[in-house]
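Welcome! Here is a short tour for anyone meeting this structure for the first time.

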Amino acid sequence: MLNVDLHCHSTVSDGTLSPAALAARAHANGVDLWALTDHDELDGIAEAREASSDLGLRFVAGVEISITWAGKTVHIVGVGIDENHPDLREGLASVRGGREARGRDIAAQLAAVGIPGAFDGAMKFAENPELLGRTHFARFLVEAGVRKTVSEVFQSYLIEGKPGFVPHRWATLEQSVRWIRSAGGRAVIAHPGRYSFDDMQLGALIDQFSSLGGEGIEVITGSHSPHQYDEYASLALKKGLLASRGSDFHGPAESRADLGDLPHLPAGLTPVWHDWAL
């Protein structure tokens with residue numbers, strides 16, 4: 001079986017390694033095919049592709065688009081895209097707008113609970129200021145000694161209902177799928193187990209996603225616990241979705257799974273990459 005990893009992040013969004021360093025790590029870990037899927041950003045793809053080519057590693061361009069659905073943030077991964085397609089690039093530019101204002105609101109909420117300097121502190125970790133996000137604030141709070149890990153920071157400060165959580169109006173589901181499809185890519189629902197949807201809500205999301213031309217769902221991902229693999233494999237079969245596999249790797253010290261370090265897809269599923277010329 002191919003060792004495929006179609007979900008990871010570089011310093012262009014909120015990862016800690018450059019696109020070239022990710023390619024090198026994927027190659028060293030025995031990955032056969034990978035995609036760089038930075039949040040709402042495409043500017044790392046050229047570097048990732050060139051580094052992969054130098055290593056003889058198969059690569060496809062990708063992106064992870066933030067959307068708002070039913071009042072919650074959901075992520076849609078696009079793989080096999082043309083990163084230069086104007087509709088996709090213009091759409092992502094519109095999604096990135098407003099991140100600075102949101103960041104200042106997060107910093108103000110943190111200051112109100114006794115944590116000053118969070119905006120400037122987070123910006124130190126954001127190589128791309130346009131992509132300032134919660135992970136950058138989490139890294140600052142770890143550095144400041146507020147909590148020991150990024151995960152602990154999120155649970156204490158940056159999720160809904162906690163000080164430091166500021167919602168942002170992202171793209172719509174329809175827009176994300178349209179941008180991905182117009183760029184020749186395949187749309188995939190990222191890490192469905194992370195969303196606090198009940199079965200009815202998740203079913204509604206998938207039905208709308210499919211009606212818009214969405215095709216896949218992540219089954220094996222670093223954001224899922226092992227008991228969830230079979231759950232989402234069954235859901236993929238029930239809903240007629242292609243299955244994807246991706247570590248959601250952000251960095252060696254922060255990720256539950258390393259690049260390529262996941263079980264293979266369960267038998268009986270059709271992989272997202274089943275018809276790609278590899």
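This is a predicted model: local features need pLDDT of at least 70, side-chain atom pairs count only at pLDDT 80 or more; totals for chains, interfaces and linings use all residues.

Residues are numbered from 1 along each chain as its sequence is written, and side-chain values use heavy atoms, with hydrogens and water left out. Helices (H or I, at least four residues) and strands (E, at least two) are DSSP runs, numbered from the N terminus.

**The sheet**

- Seven strands form an open sheet in the order S1-S2-S3-S4-S5-S6-S7, with mixed pairing; two strands pair if DSSP finds at least two bridges between them.
- At the edges are strand S1 (4-5) and strand S7 (242-246), each of which pairs on one side only.
- Strand S2 (residues 33-36) and strand S3 (residues 58-69) run parallel and are joined by four bridges.
- Trp-34 has Phe-59 in S3 as its bridge partner.
- Helix H8 (residues 173-182) packs on the sheet, where it touches S3, strand S4 (72-79) and strand S5 (186-189); contact means heavy atoms within 4.5 Å.
- The direction of H8 makes about 160° with that of S3; axes are lines fitted to C-alpha atoms, for helices over the stretch in contact, and angles run from 0 to 180 degrees between N-to-C directions.

**The helices**

- Helix H7 (residues 150-158) has Val-150, Val-153, Phe-154, Tyr-157 and Leu-158 buried, meaning under 20% relative accessible area (1.4 Å probe, protein chains only).
- Seen down the axis of H7, these buried residues fall within an arc of 105°, so they line one face of the helix; the arc is that of the directions from the helix axis to the C-beta atoms.
- The buried residues of H7 pack against helix H4 (99-112) and helix H6 (134-143).
- H4 and H6 have axes that come within 11 Å and cross at roughly 35°.
- Their contact is made by Arg-102, Gly-103, Ile-106, Ala-107 and Leu-110 of H4, together with Arg-134, Phe-137 and Leu-141 of H6.

**Two residues with positive phi**

- Most residues other than glycine have a negative phi.
- Asp-40, in the loop between S2 and helix H2 (45-55), has a positive phi of about 55° although it is not a glycine.
- Asp-40 counts as buried, at 0% relative accessibility.
- Asp-248, in the segment after S7, also has a positive phi, near 60°.
- Asp-248 counts as buried at 8% relative accessibility.

Technical notes. Buried means under 20% relative accessible area, exposed over 50%, partly exposed in between (1.4 Å probe, protein chains only).
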